[in-house]
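Here are my notes from going through this one. Have the structure open while you read.

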Amino acid sequence: MSQFRIDFLEEYTPESIVDEVRRIEMITKTGTITQKDIKDYGRISVSPIYKHFASLGEVAEKAGLRPHRKVGDTTKEDIIDELRRISGVIRGRPLKRSDIEQHSNISYYKIISQFRSLGRAARAAGLTPHKSTKHDRDDLLTILIDLWNQTLEKEGRRPYTTDLKKYVCGISQCTYSRSFGSWKKALKEAYDYVTEKDIIDDLPSETQKEFVLSPQAKPKIESSTGPPRSVERKHISIRKRFFVFKRDHFSCVICGRSGVGVKLELDHRVPISKRGTDDLDNLQTLCFECNRGKRDSLE
Ligand SMILES: [Zn+2]
C-alpha cells in the first residue's frame with residue numbers, strides 16, 4: 001500500500017514534529033494535542049516526539065496550542081514533567097520521597113499510584129532513582145489501599161491476591177507475603193494504616209488543586225480581571241477515599257448493601273457544584289444504584 005508510505009513523515013526534526021502537531025490539530029480542532037490524536041491522525045508515532053521534547057505539553061506550546069489536561073487528572077506525562085522539573089531543582093541528585101514532599105505540586109501518592117514506585121517513575125522520566133530499589137513498606141501499603149479502593153469501586157469487595165495481576169503491574173503476592181507475613185496480614189495492616197488523624201494531617205497537601213504544568217515552573221500570574229475559574233475538582237487522596245469507605249463499614253449509607261457485586265462510590269453529600277467541600281463529613285459511601293437515584297432526584 002503506497003498510501004501508507006506517503007502518510008509517514010520522512011524525517012523527524014523538532015520543526016517537522018511541531019508542523020505535524022499543528023496539522024493534526026487542524027483536523028481535531030480541539031486546540032490541544034493528545035496521544036490519542038497522534039495515534040489516530042498522526043503521520044508520526046509518539047516516541048520520536050519524546051526524543052526532541054520533554055512532553056506533549058511542550059510540543060503543544062511550541063505549536064501554539066494549549067497543553068492537554070482533564071481537570072483534576074494527573075497523567076503519567078504530567079508526573080514525568082514534574083519529576084524532571086524537581087530533578088532540576090535538586091541539581092540532578094537521585095530523587096527521594098522527601099524531595100517530592102518538599103518540592104512537588106503532585107502528591108507522592110499520586111506518583112506511586114500511577115507508577116507503582118518512585119523508582120519506576122524516575123526511570124520513566126530518564127532520571128536516577130534513589131538507591132533503594134525495593135518498595136518500602138509505606139509504598140506497599142499505599143498500593144494495597146489503592147487496590148482496595150478499586151476493587152470496592154469496581155466489584156464491591158476487598159482485594160484478592162489475583163487482583164494484583166489484574167490491577168497492579170509489577171508487584172507480586174510474594175512481595176506482600178515476604179513483607180507482612182501473609183496477604184491477610186497485609187490487608188489487616190492496610191486497614192489499620194488509614195486513620196482519621198492521618199487524613200487530617202494530610203490536609204495541606206490535599207488542598208492542592210491544579211499543579212503547575214510547565215517544566216520550568218513559571219510562576220502563575222493570576223489576573224483578577226480574567227474570566228472566573230471553572231469549578232476546580234480537588235483531588236481526594238487514596239487514603240481519604242479509603243477512610244470514608246472504612247468509616248461507612250464498606251457499605252452504602254442509604255440502602256446498607258455491601259459485598260461482592262455491590263459497587264461502591266464516594267459521594268459528596270452537598271455536591272461540589274453547590275459549594276460542597278471535600279471535608280470528611282461531606283463525603284459518604286453510596287452504592288452505584290443509590291448514587292444514581294440521588295442524582296436523579298437532584299435534577
Ligand atoms: Zn445503596
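1. How are α10 and α15 oriented to each other? Keep in mind that this is a predicted model. The two helices pack at an angle of about 55°, and their axes are 9 Å apart. Angles from 65 to 115 degrees would count as roughly perpendicular and those under 35 as roughly parallel, so α10 and α15 come out as oblique to each other. The crossing of α10 past α15 is left-handed. On the α10 side, the contact is made by T142, I145, D146, W148, N149 and L152; α15 brings I238, R239, R241, F242 and F245.

2. Next, the core. The largest nonpolar core has 41 residues, and L83, I111, A121, L144 and I145 have the most contacts inside it. Two or more residues each come from α6, α8, α9, α10, α13 (183–193), α15, β1 (264–268) and β2 (283–287). The largest share, 8 residues, is from α10. Domain 2 (69–133) and domain 3 (134–201 + 233–299) both give residues to this core, so it lies between them.

3. A detail on L144: leaving out residues up to four places away in sequence, L144 touches A186 and A190.

4. Just after α8, R116 takes a positive phi of about 75°.

5. R91, in the loop between α6 and α7, has a positive phi of about 55° although it is not a glycine. With 6 other C-beta atoms within 10 Å, R91 is exposed, because 12 or fewer is the cut-off for that class.

6. F250 is in the loop between α15 and β1. Phi of F250 is positive as well, near 55°, and this residue is not a glycine either. Is F250 buried, exposed or partly exposed? There are 18 other C-beta atoms within 10 Å of F250, so it is partly exposed; being buried would take 20 or more.

Methods:
Residues numbered from 1 in each chain as written. Predicted model: local features only at pLDDT ≥ 70, side-chain atom pairs only at ≥ 80, totals over all residues. Helix = DSSP H or I, 4+ residues; strand = E, 2+ residues; numbered from the N terminus. Core = buried A, V, L, I, M, F, W, Y, C linked by C-beta atoms within 7 Å. Domains from an automatic or database assignment. Contact = placed C-beta atoms within 7 Å. Axes fitted to C-alpha atoms, helices over the stretch in contact; angles between N-to-C directions. Parallel < 35°, antiparallel > 145°, perpendicular 65-115°, else oblique. Left-handed = near helix turned anticlockwise from the far one by under 90°.
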